[in-house]
Amino acid sequence: MVDYQKLAALAVKAKERAYAPYSGFHVGAVLLCSNGVEYIGCNIESAAYPATICAERTALVKAVSEGARSFRAVAVAGGKPNANTDYCYPCGVCRQMLHEFAGDDFEVIIAKSETDYRVHKWEEILPHGFGPKDLQ
Ligand code: THU
């Protein structure tokens, strides 16, 4: 069973690590591996703007480079500090990169807080995605 509330709390906490001096938009993510290990990530911006990496991809590259390949869920929290922002959904690039590793049971938690979050199946986030199966 996935502990949605725990993942929501970890994503909100990971937001504190955001390095976002240009947008002021702080994002935190946590990726839950099928074996229960969690990897957190934050967005890291660059003075050369396009070099920025999103929180979801930070978590993903940390996990994959440590040998993880099988994931159960990702939680994301984002917004401007002290502002009443909307739910923060993954950008298109992050959706595509997560799709590479998203199994049939992969779920997405979009959190505003530890208690205010939405849960989605992966197919709702990236319907008809292009992935490894298409190259077989
Ligand atoms: N950002 C993320 O980290 N994840 C998302 O899903 C959306 C956008 C970051 C990138 C950039 O640092 C800032 O939010 C504004 O786009």
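This briefing covers the ligand site and the aromatic rings of the structure above. The model is predicted.

**Ligand surroundings**

- E56 places a polar side-chain atom 2.6 Å from a ligand oxygen atom.
- N43 has a polar side-chain atom 2.9 Å from an oxygen atom of the ligand.
- Y89 takes part through its backbone: a polar atom there is 3.4 Å from a ligand oxygen atom.
- Taken alone, the ligand exposes 370 Å², and the protein buries 79% of that.

**Aromatic pairs**
- Y4 and Y117 form a tilted pair, with 6.4 Å between centres and 50 degrees between planes.
- This pair links distant parts of the chain: Y4 is in helix α1 and Y117 in strand β5, 113 residues apart.
- Y117 is partly exposed, at 27% relative accessible area.
- F71 and F101 form an edge-to-face pair, with 6.0 Å between centres and 90 degrees between planes.
- F71 lies in strand β3, and F101 in the loop between α3 and β4, 30 residues apart.
- F71 is buried, with a relative accessible area of 3%, whereas F101 is partly exposed at 23%.

**Charge over a ring**
- The charged end of K112 sits over the ring of Y87, 4.6 Å from the ring centre.

Definitions and conventions:
Residues numbered from 1 in each chain as written. Predicted model: local features only at pLDDT ≥ 70, side-chain atom pairs only at ≥ 80, totals over all residues. Heavy atoms only, no water. Polar contact = N/O pair within 3.5 Å; in protein donor to acceptor, adjacent residues only side chain to side chain. Areas by Shrake-Rupley, 256 points an atom, 1.4 Å probe, with all protein chains shown as cover. Phe/Tyr/Trp six-rings, centres within 6.5 Å; stacked < 30°, edge-to-face > 60°. Helix = DSSP H or I, 4+ residues; strand = E, 2+ residues; numbered from the N terminus. Buried < 20%, exposed > 50% of the residue type's maximum accessible area, 1.4 Å probe, protein only. Lys NZ or Arg CZ within 6 Å of the ring centre and 35° of its normal.
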